[in-house]
Amino acid sequence: MFLRFKTTTILFCLAMSLVSCSEKDSATQPNIIIVYMDDLGYGDVSYNGASRLQTPNMDAMAMGGMRFNNGYATSATCTPSRYALLTGVYPWREKRAKILPGTAPLIIGTEQMTIPRMLKGEGYHTAIIGKWHLGLGNGNVDWNKLVTPGPNQLGFDYSYILAATQDRVPTVYIEDGMVVGLDPNDPIEVSYRKNFEGEPTGIENPELTTMKWHHGHNSSIVNGIPRIGFMKGGEAAKWSDIDMADHFLNGVKNYIKKHKDQPFFLYYPMQQPHVPRTPHPRFEGLSELGPRGDAIVEADWCLGGLRKALEAEGILENTLIIFSSDNGPVLNDGYFDDADVKNGDHTPWGPFRGGKYSLFEAGTHVPFFTYWKGKIQPGVSDEIVSQLDLFSSLAQLVGSDIRTDDSLPLLDLLMGNTDVGRENLVIEATSRTAYRQGDWVMIPPYDGPASNDNVKIELGSAPTFQLYNLAEDINQQNNLASAMPEKLSEMLAAFETIRGDDYRKTEKLELK
Ligand code: NG6
Ligand code: CA
């Protein structure tokens with residue numbers, strides 16, 4: 001059985017490399033855009049059944065392209081998923097790939113291969129406009145000078161980013177390493193250790209806050225919103241939260257206009273629906289779910305804006321769009337914003353158990369589709385595909401020979417030309433890993449709480465092995481580990497072949 005699998009794999013790889021050789025001569029070099037959501041759940045889109053909010057633009061592109069019912073982020077949190085997406089390397093191979101503070105150093109080596117670097121090597125112009133969260137600088141950033149290394153040192157020709165998350169300082173945009181709109185007479189200081197003398201905080205000055213914190217998020221106050229971390233100065237450079245979506249979309253439109261005549265790669269990581277949820281007032285009340293739902297409607301509108309811009313420039317037919325989310329959904333992630341109160345019968349997690357931070361399916365099993373007008377025929381696939389695979393698949397697309405061991409070249413699957421996907425996948429959540437193979441999921445025993453009371457999410461940790469068959473038990477209710485010891489050992493052995501045997505030596509969970 002194992003041998004047969006190996007032979008097929010070898011034949012498959014051989015066939016793929018022949019394809020990529022022939023493709024190299026006639027590489028079409030379409031534009032490539034990755035639209036990456038932040039904390040959008042599998043069930044948060046109306047094409048996956050959401051009814052208390054509508055996502056018409058996501059629906060139209062998902063239904064007009066290839067949608068993947070088994071599409072995965074590599075991790076149930078942001079930084080590790082983004083690390084894997086850009087590098088094609090499993091995030092648990094890099095121990096710094098954990099939720100990072102806004103002052104963390106860059107965790108991708110400046111010599112490391114990345115999607116933008118690979119594409120740049122093939123003649124692409126490359127850009128990121130949106131959320132970064134992979135660290136900046138070498139550990140002691142002066143935000144008043146050029147902030148480096150960052151995206152521009154990893155293969156991006158142009159970068160316009162928010163450094164970490166919308167709830168973390170510094171709350172400023174950074175363009176090609178420089179804080180945008182900074183007044184040199186009002187320098188920025190940032191610390192995650194202690195407050196600056198005389199600066200108000202969420203915990204001491206609740207009267208200055210317009211959004212209330214639930215857990216964490218009680219340090220510096222910006223635009224009435226208490227954040228994680230302390231910041232002083234930079235008043236003129238501070239972003240406007242309600243205008244953030246428009247701001248990034250305008251940047252995206254300008255970028256497309258400017259670069260429409262050459263092949264470009266655009267990484268467009270939106271901030272929605274991560275906390276703080278601050279949809280522009282014109283989206284208020286457009287969902288039945290409060291600000292979280294309204295922020296998703298806003299993001300959907302942004303996707304529509306992107307599509308319109310491509311159409312207007314006449315390049316929609318020459319652009320591959322890949323859409324997914326960095327991790328699963330969470331309702332209350334630290335602010336009182338009614339997401340839990342107004343959720344009702346909405347199921348952001350889709351049919352799955354868990355959510356953001358969880359090793360259960362909802363942590364990593366996310367919306368995932370590819371859209372290329374005229375090139376990708378509408379279709380749906382149950383094959384397993386991970387964001388990890390975008391690296392090698394995009395290399396295939398442009399005729400590059402560069403591959404990573406972890407990232408599988410699944411271009412044909414993404415294009416809807418085959419039904420061969422991944423055989424297996426290691427998933428990660430807050431430093432713990434689990435294993436999917438075919439329909440089976442195996443979660444090794446982990447110490448630590450079974451659930452997090454603040455976010456009210458089951459984390460997937462248990463003192464004993466868990467084994468689930470997703471074909472019969474999509475909600476992971478029926479643990480077959482003791483009933484099926486042979487299957488369990490087979491899964492464990494296969495998992496350890498990829499993961500090694502030190503997976504239990506995880507550091508303290510970063511989630512409080
Ligand atoms: C957690 C934050 C959460 C969110 C998350 C990162 C607290 C208590 N919680 O530590 O609000 O910011 O980090 O989310 O501070 S992620 O999608 O970028 O991984
Ligand atoms: Ca996220």
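Author: I174 stands opposite V179 in β6. Strands are DSSP runs of E with at least two residues, helices are runs of H or I with at least four, and both are numbered from the N terminus. Two strands pair if DSSP finds at least two bridges between them. Here β5 (residues 173-175) pairs with β6 in the antiparallel sense over two bridges. The model is predicted, so local features need pLDDT of at least 70 and side-chain atom pairs 80 or more, whereas totals for chains, interfaces and linings use all residues. Residues are numbered from 1 along each chain as its sequence is written, chains are lettered from A and ligands numbered from 1 in the order written, and side-chain values use heavy atoms, without hydrogens and water.

Reader: In what order do the 10 strands lie in the open sheet?

Author: The order is β6-β5-β4-β3-β12-β1-β13-β15-β2-β16, with mixed pairing. At the edges, β6 (178-179) and β16 (379-386) each pair on one side only.

Reader: Which side chains have an N or O atom close to an oxygen atom of ligand 1?

Author: A polar contact is a pair of N or O atoms within 3.5 Å; within protein, one must be able to donate a hydrogen and the other to accept it, and residues adjacent in sequence count only if both atoms are side-chain atoms. For oxygen atoms of ligand 1, the distance is 2.7 Å to D167, 3.0 Å to H217 and 3.1 Å to D39.
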